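Dear colleague,

Please find the structure below, handed over for your records.

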Amino acid sequence: MQKYNNLLFDLDGTLTDSAPGILNCVRYALSEMNFPEPPDIMRFVGPPLCESFPDFCGMNDEQTKEAIRLYRSRYSTVGLFENTVYDGIPEMLERLKKGGRRLFVATSKPEVFSVRILDKFGLFDYFELIGGAATDGTRDTKHDVIRYLLDKADIHDTSDVLMIGDRKHDIIGAHSLGIRCMAVLWGYGSTDEFNEHGADYIISEPSDLADTLLLH
């Protein structure tokens with residue numbers, strides 16, 4: 001493996017276990033709109049909401065906008081803190097930062113919520129920049145978020161950039177910009193998902209991630 005100086009981390013399922021808050025807010029939105037809960041509601045963890053509500057619940061554009069509004073009304077006050085940091089994450093980030101790596105967050109979660117979560121759980125200061133989705137829907141895919149972050153960080157050479165995430169959307173978004181992706185197994189994705197979408201590396205523990213990236 002080559003040396004990667006610029007490390008882009010997903011948030012949900014990579015740094016924190018955010019499933020409880022996400023699922024509680026999805027259920028709230030569906031209940032308020034009298035929509036049935038779809039099978040395998042865990043599918044909501046990872047993709048942007050603008051894709052999940054139509055794909056998993058059959059909502060049209062107007063219904064999707066209302067579902068997102070309801071979701072965020074609960075998430076902004078309660079749901080974002082129904083969340084825990086995965087074991088070993090602070091130690092991993094500390095080692096990488098001391099090893100001279102530049103650390104960033106690239107998440108499909110709205111940036112305003114991401115900053116609050118990272119600050120609440122003591123992770124904010126590890127990162128040079130936080131890049132997230134825009135609440136007006138103008139930046140919501142992983143491709144768009146990564147591109148936005150690279151522009152903010154003034155990174156033009158992507159050969160030493162590595163995306164680190166736990167779902168296919170991280171792989172697809174990174175590869176669409178010519179960036180390699182390391183998939184992590186402690187989140188919500190699986191080895192089968194990562195292999196199907198061509199993850200460049202697969203890692204099983206935060207300590208292994210730091211060991212691997214600091215060897216080079």
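Cysteine 25 is buried, because its relative accessibility is 0% (buried means under 20% relative accessible area, exposed over 50% and partly exposed in between, with a 1.4 Å probe and protein chains only). The model is predicted: local features need pLDDT of at least 70 and side-chain atom pairs count only at pLDDT 80 or more, while totals for chains, interfaces and linings use all residues. Residues are numbered from 1 along each chain as its sequence is written, and side-chain values use heavy atoms, leaving out hydrogens and water.

The closest cysteine sulfur to that of cysteine 25 belongs to cysteine 57, at 14 Å, which is too far for a bond. Cysteine 50, by contrast, is partly exposed at 31% relative accessibility; its sulfur is 13 Å from that of cysteine 57, its closest, and again too far for a bond. With a disulfide taken as a pair of cysteine sulfur atoms within 2.5 Å, the count is 0.

Turning to the sheet, 6 strands form an open sheet with parallel pairing, in the order 5-4-1-6-7-8. Its edge strands, each pairing on one side only, are strand 5 (129-133) and strand 8 (201-203). Pairing requires at least two bridges found by DSSP; helices (H or I, at least four residues) and strands (E, at least two) are DSSP runs numbered from the N terminus.

Strand 4 (residues 102-110) pairs with strand 5 in the parallel sense over 4 bridges, and alanine 106 stands opposite glycine 131 in strand 5. Helix 5 (residues 111-120) packs on the sheet and touches strand 4 and strand 5, contact meaning heavy atoms within 4.5 Å.

Yours sincerely

Note on methods:
Axes are lines fitted to C-alpha atoms, for helices over the stretch in contact, and angles run from 0 to 180 degrees between N-to-C directions.
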